[in-house]
Amino acid sequence: MKKIAIFLFAALIGATAQAAEYKIDTKGAHAFIQFRIKHLGYSWLYGRFDEFSGSFEYDEKKPADSSINVEIDVASIDSNHAERDKHLRGEDFLHVEKYPTATFKSTSYEPVGEGKGKLSGELTLHGVTKPIVIDVEHVGGGQDPWGGYRQGFTGTTEFALKDFGIMYDLGPASQTVEMILDVEGIRI
Amino acid sequence: MAARNSKQQYGWMAIALHWLMAPAIIGMFALGWWMRQLSYYDPWYRQGPEIHKGIGILLLALLLLRLVWKAMNPHPQDVPGTPRWQALAARAAHGGLYLLLLAIMVSGYLISTADGRAISVFGWFEVPATLQGLANQEDLAGEIHEVLAWTLMGLVALHALAALKHHFVDRDATLRRMLGLRGNPAPVGRRNESGMNETAELTK
């Protein structure tokens, strides 16, 4: 009986180690969903989404099996200017009353070496779902000082606002927005 | 004309405050409605809101002055023969106008100062933020601002129609005394006699 228990325990440990699911550390704010868009073509404007949650699966030995799901509270947009944020939440842009949540669900991950890869998935934003590809880089991972185990990634992607039905004209230099994504996950 | 109100007449201070604020308030509604539809590259995209905020703060100062002045002065009596319900409705409407104005101005202020930024009044001076960083402050304040602004315009229309009714239908002194004029509207047509009579009665 004891042997079986040990075996099951070992199998369980093995299974979790293999699946290696990580919860994105939004509680400790070691994850950031940021964007930047050109202002008039003269400078970059930065903003971020403060409220989101998600988890990812990652196995260093089998990076191709990686996957991630993230849910974003769109109304948490913050560009450090209340009047602008109000405008961004309104019907001209994100229309958060109608589309309160944005999601990203990965469909595949293609490692390209040196800890880098291309993460494909479906982004749902402003009620529109479209495939996007995020260029991902593994930043680091390992034991943390408090008994946990962490992995962190950084990624970037770019898309046109009008692809997601956001038609407000910010000018020719501001048609696309860049996303700068950083996640640190704690193994669960 | 005296600055202060009497039991019969508004003083010039109350009249000036009324007619200074009335067009500004209606203009502010139109400006607020119009400026939200401007495209990003419109020359007024930045100017519109700057003017709206500047005038808004000045109107708030005028409103506070007006309320203090109102408290310090007698209210001219209703014209003779005013039914009680009408007198009460008029009081309620006036109170509603003041309350709505105050709420609209405060909510507008809370939109622009939600992130701690001050409101600049035409570069002359700045009004600092006080309440800030409440959850969804700019969005909530914005919705209140918009709904109350429309409500105000409804009440303004009622107020204006009531004044015109007093002037053209009842032919009493209600509108004239807010214009600083004495006596009833000049009588016209067949109604002359009754109008004359009323005037005559009033002056006794």
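Angles under 35 degrees count as roughly parallel, those over 145 as roughly antiparallel, 65 to 115 as roughly perpendicular, and the rest as oblique. This is a predicted model, where local features need pLDDT of at least 70 and side-chain atom pairs count only at pLDDT 80 or more, while totals for chains, interfaces and linings use all residues. Residues are numbered from 1 along each chain as its sequence is written, chains are lettered from A and ligands numbered from 1 in the order in which they are written, and side-chain values use heavy atoms, with hydrogens and water left out.

**View 1. Chain B on its own, with six helices and two strands.** Walk along the sequence and you get α-α-α-β-β-α-α-α. Helices (H or I, at least four residues) and strands (E, at least two) are DSSP runs, numbered from the N terminus. The C-alpha trace of chain B spans about 60 × 35 × 30 Å along its principal axes.

**View 2. Helix α1 of chain B packed on helix α2 of chain B.** Here residues 12-35 (α1) meet residues 44-72 (α2) at an angle of about 150°, the axes 10 Å apart. Axes are lines fitted to C-alpha atoms, for helices over the stretch in contact, and angles run from 0 to 180 degrees between N-to-C directions. So α1(B) and α2(B) are roughly antiparallel to each other. Their contact brings together 20 nonpolar residues, five polar and one charged. (Ala, Val, Leu, Ile, Met, Phe, Trp, Tyr, Cys and Pro count as nonpolar, Asp, Glu, Lys and Arg as charged, and the others, Gly among them, as polar.)

**View 3. Helix α3 of chain B against helix α4 of chain B.** For α3 (residues 84-112) and α4 (residues 137-168), the axes come within 8 Å and cross at roughly 150°. That is why α3(B) and α4(B) are roughly antiparallel to each other. This contact's residues split into 15 nonpolar, eleven polar and two charged.

**View 4. Where chain A meets chain B.** Chain A puts 16 residues into the contact and chain B 15, contact being heavy atoms within 4.5 Å. The two chains bury about 1300 Å² between them, 46% of it on carbon and sulfur atoms. Buried area is the accessible area (1.4 Å probe) that two parts lose on being put together, summed over both.

**View 5. A salt bridge between K53(B) and E83(A).** Their side chains meet at 3.0 Å, N to O. The rule (a side-chain nitrogen of Lys or Arg within 4 Å of a carboxyl oxygen of Asp or Glu) finds three salt bridges across the interface of chain A and chain B.
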